[in-house]
Amino acid sequence: MLNIAKIRRPLIMAIFPLRDLLGKYDIPKNPIVNETEDTPMGRIRKIFISTEYEPISKELQSLINFSSTATLVGIVVGGIIYAQGTIEKFIENNEATRFYSQLDAKRALQTNVTLQFAKGAYMFGWRLTVFCGTYEFIRMMLTAYYGKPSVLHYMIGAGIAGFLFKLSLGLKGSLVGLIFGAVLGGIGGSFILLFLKLTGMTLEDFQNIQSYWSYKRDKVFKTAVGKHLEEEYGESKLLYEENKNIQRELSKIEEKTKN
């Protein structure tokens, strides 16, 4: 739950009206998590505890959301990058190609563009997902171990992710990835912590908000599925009754014909 006492900046509250969200993110208490000792290793264990109250911890939910967003961005950006210039290359490579009709040429061009987009989405999507997932996982573990977020955690997470990402280029490439990742992680972490400072919130507050949104999304999905199944059950029941009535009518007709 958000702490009202921490939010004392009217200007920031006018830009970020978070007061309207207060009290809406209460989640069921998890007795097993509450019994876990508040130590560095205890806080890490809390991340991987799953119960009926909280199947996925808010930290893991934040990791999933972050990685999913990275996947989506990677698919879109990679697809667009690889699809650029496809039309010009297709025209250059097929100047002497004979097509049966204009529609056949358009179909071949569309197939080429789709394949290039899919190739770029795959090549860039999984790389960005692995990079962002590794970065966020390391940052999450460091934050849990020390009990509070720090710019250094973002730098270490991004630096290690950059090092592993460029490992195929050798030691020099890995060191460049390490330095570049640490710089980007420091910049990103500074912006995140500055945003938390200005809004008067904590990282746990945002994780609770994400957890609540995921809970509401799952609830809406389950409600929609349940409603659809009820409708299908009603329709199936009507069809069953109609079939029964038809069978009765056919039985009566057979009995009359026999008599």
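I take helices (H or I, at least four residues) and strands (E, at least two) as DSSP runs, numbered from the N terminus. The model is predicted, so I kept local features only at pLDDT of at least 70 and side-chain atom pairs only at pLDDT 80 or more, while totals for chains, interfaces and linings use all residues. Residues are numbered from 1 along each chain as its sequence is written, and side-chain values use heavy atoms, with hydrogens and water left out.

**Entry: nonpolar patch**

I looked up the nonpolar surface patch. Patches join residues with over 30% relative accessible area and no salt bridge, like charges within 9 Å and nonpolar side chains (Val, Leu, Ile, Met, Phe, Trp, Tyr) within 5 Å. Areas are Shrake-Rupley values with a 1.4 Å probe; for residues, only the protein chains shown count as cover. The patch has about 810 Å² of accessible area together, and its members include Leu 72, Val 73, Phe 117 and Phe 124. Two or more residues each come from helix 4 (58–83) and helix 6 (102–146). Helix 4 gives the largest share, eight residues. I then checked Val 73, which sits in helix 4. Val 73 is partly exposed at 40% relative accessibility (buried is under 20%, exposed over 50%, partly exposed in between; 1.4 Å probe, protein chains only).

**Entry: salt bridge**

I found one salt bridge in the structure (a side-chain nitrogen of Lys or Arg within 4 Å of a carboxyl oxygen of Asp or Glu). Glu 136 and Arg 139 form it, at 2.4 Å, N to O. These two are three residues apart in helix 6, which means a separation of about one helical turn. Both Glu 136 and Arg 139 are buried.

**Entry: aromatic pairs**

I counted four aromatic pairs (ring centres of Phe, Tyr and Trp, its six-membered ring, within 6.5 Å; planes under 30 degrees apart are stacked, over 60 edge-to-face, the rest tilted). Phe 66 and Tyr 135 have centres 5.9 Å apart and planes at 55°, so their pair is tilted. Phe 66 is in helix 4 and Tyr 135 in helix 6, so the pair ties together parts 69 residues apart in sequence. Phe 66 is partly exposed at 33%, whereas Tyr 135 is buried at 11%. Phe 131 and Phe 165 make an edge-to-face pair, 5.8 Å centre to centre with 70° between the planes. Phe 131 belongs to helix 6 and Phe 165 to helix 7 (residues 151–165), so this pair links parts 34 residues apart in sequence. I also noted one aromatic cluster formed by Phe 66, Tyr 135 and Tyr 154.
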